[in-house]
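Subject: Structure handover

Hello,

Here is the structure I promised. Please open it next to this message; my notes follow below.

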Amino acid sequence: MDYGATGNGQIDDSQAFNKAWKDICNANAGGETVTLEIPRGKTFLLNPLVFQGPCKAKAIRIQLGGTLIAPLSTSWANEGVDTWIQFSNVDNLYLDGDGKIDGRGSIWWQSCMKKSVYALHFNNCNGLQLKGLTHLNSPRAHISIKNCKDVIVSDLKISAPDESPNTDGIDISDSTNVQILQSIIATGDDCVAINAGSSFINITGVVCGPGHGISIGSLGDGGAYDTVEQVQVKNCTLRDTQNGVRIKTFQGCSGYARKISFEKIVLSNARNPIIINQFYQDNGKFSKGIMKAGAIEISDVTYSDIRGTSANDQAIDLRCDNVVGCRNIVMRNIDITPGVDCPKTYTVCNNAHGTATETQPRVPCLS
């Protein structure tokens with residue numbers, strides 16, 4: 001407010017935010033954390049903004065108590081912009097509070113625009129922490145974390161209607177040592193998507209649903225060489241999701257997805273509770289690529305202590321590439337029972353290899 005913001009939700013407050021960021025980024029606080037306050041009881045209309053670093057301040061804290069709202073228009077994306085709010089090259093950034101970030105995405109969902117955009121994007125922000133905020137109705141994906149390391153995301157609430165297209169909760173790419181903790185995510189796409197170049201990812205205590213579950217990928221689009229490794233998904237709950245825990249890769253590509261564990265997962269009426277799909281095709285992109293040689297190598301994947309109900313009979317689906325296949329798939333203590341409208345559960349396998357003990361349904365392809 002000290003920089004001229006009105007906070008009435010009607011007048012564009014972007015310039016006030018730009019002025020405030022310039023001062024806080026250039027502040028020399030002798031090693032202390034510099035704080036920018038966005039006060040409670042105010043609503044700030046913002047056009048697309050880029051908060052650029054590097055900053056002189058050793059650490060920056062943004063306390064969000066009020067509400068940030070996006071323009072009720074898709075026109076800004078026609079100007080070559082793909083992010084509503086972006087932080088770039090800002091280390092030790094702490095964004096917390098009990099405020100809201102509202103992308104007001106309904107106008108996007110009703111349009112025919114296919115462009116991928118993010119409500120909140122972090123690029124090369126090491127030591128990033130996000131805590132306590134509510135993220136609503138992004139035009140497409142809510143939060144993107146790219147080229148970052150040592151990130152902690154906790155106690156978030158992310159919400160969009162289950163029919164809203166491509167409204168991922170959190171997308172992670174080209175990042176390492178990222179923790180997603182104790183958050184509630186209900187969207188129209190993946191609750192969390194772990195994409196290419198990601199390693200040492202920990203997802204714990206996430207409640208997901210509705211949505212498309214927790215996904216590794218998609219990987220290998222357009223024949224790319226993609227890698228993901230050292231991922232742990234633990235103590236998560238999936239309710240009324242289109243998928244449960246999923247690994248999805250395209251054909252005609254290369255790379256690997258390995259050292260991945262899904263542990264202590266609770267399912268409640270989840271469709272496709274456990275799925276590996278090496279024949280993935282994005283909606284609207286179907287091509288003869290399904291017949292191309294080459295695939296992401298999937299190995300060292302463990303599923304343990306996964307229990308609950310399936311909304312469809314095909315509870316475990318391991319569709320691995322005919323040539324490359326999947327290696328060292330380990331399943332133990334799996335108990336997936338039929339849901340309300342599902343008479344039974346069973347497993348589908350193709351070229352999957354590993355071990356299975358105490359699984360319901362049985363997984364005959366794993367010795």
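Is Phe87 buried or exposed? Phe87 is buried, with a relative accessible area of 3%. Keep in mind that this is a predicted model.

Aromatic pairs

Phe87 has a ring partner. Phe87 and Phe122 form a stacked aromatic pair, 5.5 Å centre to centre, with 10° between the planes. Phe87 sits in strand E7 (residues 83-88) and Phe122 in strand E10 (residues 118-123), so the pair ties together parts that are 35 residues apart in sequence. Phe122 is at 0% relative accessibility and counts as buried.

The search of the whole structure turned up eight aromatic pairs. Another of them is Trp21 with Phe51. Their ring centres are 5.3 Å apart and their planes are at 55°, so this pair is tilted. It also links distant parts of the chain: Trp21 is in helix H1 (residues 14-25) and Phe51 in strand E4 (residues 49-52), 30 residues apart. Trp21 is buried at 6% relative accessibility. Phe51 is buried too, with a relative accessible area of 6%.

These residues belong together. Trp21, Phe51, Phe87 and Phe122 form one aromatic cluster.

Arg258 lies over the face of Tyr256, 3.7 Å from the ring centre.

The annotated histidine

Which residue does UniProt list for "active site"? The record, an unreviewed entry, gives His212. His212 is in the loop between strand E21 (207-208) and strand E22 (214-219). With a relative accessible area of 16%, His212 is buried. Leaving aside residues up to four places away in sequence, His212 touches Gly188, Asp189, Asp190, Gln242, Asn243 and Arg246.

Disulfides

The structure holds four disulfides. Three of them are described here.

- Cys191 and Cys208: the sulfur atoms are 2.1 Å apart. The torsion about the S-S bond is about 80°, so the disulfide is right-handed. Cys191 is in the loop between strand E18 (184-186) and strand E19 (192-194), while Cys208 is in strand E21, 17 residues apart. Both cysteines are buried.
- Cys320 and Cys326: a disulfide joins them, S to S 2.0 Å. The S-S torsion is about -105°, so this link is left-handed. Cys320 is buried at 0% relative accessibility, and Cys326 is buried at 0%.
- Cys349 and Cys365: the S to S distance is 2.0 Å. With -45° about the S-S bond, this link is left-handed. Cys349 is in strand E30 (residues 346-350) and Cys365 in the segment after strand E31 (352-360), 16 residues apart. Cys349 is partly exposed, with a relative accessible area of 28%. Cys365 is partly exposed at 27%.

Number the bonded cysteines of the protein chain in sequence order and the pairing reads 1-2, 3-4, 5-6, 7-8.

Cys236 is buried at 1% relative accessibility. Cys253 is buried, with a relative accessible area of 5%.

Over to you.

Best wishes

Definitions and conventions: Residues numbered from 1 in each chain as written. Predicted model: local features only at pLDDT ≥ 70, side-chain atom pairs only at ≥ 80, totals over all residues. Heavy atoms only, no water. Phe/Tyr/Trp six-rings, centres within 6.5 Å; stacked < 30°, edge-to-face > 60°. Helix = DSSP H or I, 4+ residues; strand = E, 2+ residues; numbered from the N terminus. Buried < 20%, exposed > 50% of the residue type's maximum accessible area, 1.4 Å probe, protein only. Lys NZ or Arg CZ within 6 Å of the ring centre and 35° of its normal. UniProt positions renumbered as here; feature names shortened; annotations may be inferred. Contact = heavy atoms within 4.5 Å. Disulfide = S-S within 2.5 Å.
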